[in-house]
Amino acid sequence: MEPVLVDGGKGTVELQPDGIIHLIWEPKVRIEIQDAQAAMAAVNDIAGDGNYPMLVDMATTENVSREARGVFSIPCAANRIALLGASPVDRIIANFFLGVHIPPCPTRFFTSREESMKWLQKAGK
């Protein structure tokens, strides 16, 4: 399936052949409530009636607003979410989200793509 551009152009969503949804944010973006809502709508649209594990590549994301973090705590088509980051700032953003909001499904932060993919693939087992 071809990647779908999230409304507003700050990210893409794609359902990979391995059955994992990839939400990839553009470098240095500031994610506001409308961006989060558009991303979740794209995820739900791509998933149709299914539920899938999801990799959220947030490496180099500059900021996620409080309102946007609230949107990410609403259940969507993801049944397991791996937050993939690359920097201490990414870890702070993810830990803040996980500490303040109750994720809608099992959610973990990773700095290793390989480890995040292994964890996501456990969702179907």
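I looked up cysteine 105: its relative accessible area is 12%, so I log it as buried (under 20% relative accessible area; exposed is over 50%, partly exposed in between, with a 1.4 Å probe and protein chains only). Cysteine 76 comes out buried too, at 15%. I then checked for disulfides (a pair of cysteine sulfur atoms within 2.5 Å) and found zero in the structure. For cysteine 76 the nearest cysteine sulfur is that of cysteine 105, 6.3 Å away.

**Ground rules**

This is a predicted model, where I take local features only at pLDDT of at least 70 and side-chain atom pairs only at pLDDT 80 or more, while totals for chains, interfaces and linings use all residues. Residues are numbered from 1 along each chain as its sequence is written, and side-chain values use heavy atoms, leaving out hydrogens and water.

**Confidence**

I noted an average pLDDT of 87 for the protein, with 92% of the residues at 70 or above; pLDDT is the predictor's confidence in each residue, from 0 to 100. Helix α3 (residues 88–100) has the lowest mean among the elements, 69. Where pLDDT is low, the predicted coordinates should not be read in detail.

**Threonine 107**

I placed threonine 107 in strand β8 (residues 107–110). Its relative accessibility is 16%, so it counts as buried. Its side chain reaches the backbone oxygen of cysteine 105 at 2.8 Å.

**Helix α4**

In α4 (residues 113–121) I found Ser116, Met117, Trp119 and Leu120 buried. They sit on the same side of α4, because they cover an arc of only 160° around the axis.

Notes:
Helices (H or I, at least four residues) and strands (E, at least two) are DSSP runs, numbered from the N terminus. A polar contact is a pair of N or O atoms within 3.5 Å; within protein, one must be able to donate a hydrogen and the other to accept it, and residues adjacent in sequence count only if both atoms are side-chain atoms. The arc is that of the directions from the helix axis to the C-beta atoms.
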